[in-house]
Structure formats: structure tokens, C-alpha cells
Amino acid sequence: MDDKRIISLLEEHGIKPTANRIVIARALAAGKVPLSLKELEYSILSIDKSNISRTLALFRKHRLVHDIEDGGGCVKYELCMSHAEDGDEDVHVHFYCESCHKTFCLWDTPIPEVPVPSGFVLKSVNYVLKGLCADCLRRLSIRRR
Ligand SMILES: [Zn+2]
Ligand SMILES: [Zn+2]
């Protein structure tokens, strides 16, 4: 994603595109998979940790990032690709690999509509599948031979 696209993404979400915010959004976009705070810290050496987590909190407030609890013990963040201010239109299934601890976005996996009891309001859903990713499966089966 180029900087122009990142700046407009920030602006679409009502966030002033400062230099640090652009760097952090760019790192999230470059990650391809959702990243934890620690992984972001590794990829952004020029900004300190508290600044990164403050920026992530701001991104979350403006719904520029989704946070995903993949059960791996730390929250991961990804850029939201929908432009709806208050709805989560790009809800998708995540796959957590128990071997390499990466979380993958499964864009093409359909999500069933889950009914909630009357009087309840659904705000977000968190679908996480767990298992082994293709790379790990390959690696493990080679090792077994
Ligand atoms: Zn894996
Ligand atoms: Zn995702």
C-alpha cells in the first residue's frame, strides 16, 4: 500500500495523518497477516513502544484497526478494509496456527449468520479457527519422514 493510499485511509477514518501514524499504518499494511504489538515493535524501530500502543488505541477508537483475540495470548491488529464508520463490514474468519503462532485472514471463507436472542445487539464477532498452516504442515510432515 503506498503512502497516498495510507493517508487517505487515515483521513477516511477521521484520523489526522501524522508521520508516526503513517509509519504504523504502513507497517500494519505491510504485515499481510495481523500483527501483535511485539511484532509491530520489531518492524518499527523508529517509534517507541508506548507511542505505538497509543497510536493503536487511537486507530481502534476510529475503527481503522480490528483487534483479534486468536487465543495465542496476545491481541493482534489488522487494518480494517471496510470504510463503514460504525459497522464491521470486513468481518472474516481468522486461522491461528498453533505451530508458528501466525494468524491468517481467511477472506474467502463464508461466515454463517448467527442469530442472537431477542433484546440482544450483536456488535462484533470473533471467528478463530485453530490448527496448522500449510507451511507448518509441510515442515512437520517432512520432519516425520
Ligand atoms: Zn504455521
Ligand atoms: Zn483478518
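**Exercise 1.** Work out which arrangement the four donor atoms around the zinc ion (ligand 1) have.

*Solution.* Start with the donors, meaning N, O and S atoms within 2.8 Å of the metal (3.2 Å for Na, K and Ca), with water not among the atoms, so sites may look incomplete. Here they are the SG atoms of C97, C100, C133 and C136, at 2.3 Å. Next, check the angles: they run from 103 to 119°, which makes the arrangement tetrahedral. For that label, all angles between four donors must lie between 85 and 135 degrees. Along the sequence, the spacing reads C-x2-C-x32-C-x2-C. Finally, C133 and C136 are both buried, that is, under 20% relative accessible area with a 1.4 Å probe and protein chains only.

A word on the ground rules: this is a predicted model, where local features need pLDDT of at least 70 and side-chain atom pairs count only at pLDDT 80 or more, while totals for chains, interfaces and linings use all residues. Residues are numbered from 1 along each chain as its sequence is written, chains are lettered from A and ligands numbered from 1 in the order in which they are written, and side-chain values use heavy atoms, with hydrogens and water left out.

**Exercise 2.** Find the protein donors of the zinc ion (ligand 2) and their spacing along the chain.

*Solution.* Now look at one pair: H94 sits in strand β4 (residues 93–97) and C105 in strand β5 (residues 103–106), eleven residues apart, linking distant parts of the chain. Strands are DSSP runs of E, at least two residues, and helices are runs of H or I, at least four, numbered from the N terminus. H94 counts as buried because its relative accessibility is 4%, and C105 does too, at 16%.

**Exercise 3.** How do helices α2 and α4 pack?

*Solution.* Take α2 (residues 19–30) and α4 (residues 49–61): their angle is about 80° and their axes are 10 Å apart. So α2 is roughly perpendicular to α4, a label for angles of 65 to 115 degrees. Axes are lines fitted to C-alpha atoms over the stretch in contact, and angles run from 0 to 180 degrees between N-to-C directions. Then see who touches (heavy atoms within 4.5 Å): N20, R21, I24, A25 and L28 of α2 meet N51, I52, T55, L56, L58 and F59 of α4.

Technical notes: Parallel < 35°, antiparallel > 145°, perpendicular 65-115°, else oblique. Tetrahedral: all angles 85-135°; square planar, octahedral: opposite > 155°, others 65-115°. Buried < 20%, exposed > 50% of the residue type's maximum accessible area, 1.4 Å probe, protein only.
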